[in-house]
Amino acid sequence: KMNVDRTSEVIFNALEIGQVYAKFGDIKAEEVTVETPIETVLADGTKETKNVAKPGDFIVTNPGGERYVVLAAKFPTLYAPKDGEPGVYEPTGQVVATQNPYKTDISMMAVWGTMQSGAADCWIADTYDPKTRERENEPRIIGNTEFAQTYKLA
């Protein structure tokens, strides 16, 4: 597994020519009241990353079962409550994404401070604001299966 820097020129350049994708598919989310550790496990069993949800943050479960933490301040910019379905949300977020430019298994330090791993076919994504047309410059790894289950070209 190759350890890469998420701020490297290789990742930056790949995202510069990446495409914009919109998240689709309803998610389930619960607001955390006590500090809760979460391990994100991909469909193929890969342990992608670990994180800790703090009170006010949300634990999100994607349609394929992948679970991860979304910070309290960021959650309302990415998801909207689905009418008549408590705990179910519709995604509103977009990303710029590209397939793994290294074409080998990688790991990198995620913005939340723990290592994140991806296979050779994983994606690198960065949150994108369609209004400003700017990226957040906080690239993260998304597994190939999970990307296909939750993103489509915008």
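In the predicted model, strand S4 (residues 36-41) and strand S5 (residues 47-53) run antiparallel and are joined by six bridges; strands are DSSP runs (E, at least two residues) numbered from the N terminus, and two strands pair if DSSP finds at least two bridges between them. Lysine 47 in S5 is the bridge partner of valine 41. Five residues separate the strands of this hairpin, in which glycine 45 adopts a positive phi near 95°. Residue numbers start from 1 along each chain as its sequence is written. Local features of this predicted model need pLDDT of at least 70 and side-chain atom pairs count only at pLDDT 80 or more, whereas totals for chains, interfaces and linings use all residues; side-chain values use heavy atoms, with hydrogens and water left out.

An open sheet of five strands has the order S7-S6-S3-S9-S8, with antiparallel pairing. Its edge strands, S7 (67-70) and S8 (79-81), each pair on one side only. Strand S6 (residues 58-61) is joined to S7 by four bridges, and valine 60 stands opposite tyrosine 68 in S7.

Tyr68 also belongs to the lining of the largest pocket, where Tyr68, Val69, Val70, Trp112 and Arg140 lie nearest the centre among 31 lining residues. A pocket is an open set of points on a 1 Å grid over the protein atoms alone, where a 1.4 Å probe fits, with protein on both sides within 12 Å along at least five of seven lines; lining residues have an atom within 4 Å of a point. S5 contributes the largest share of this lining, four residues.
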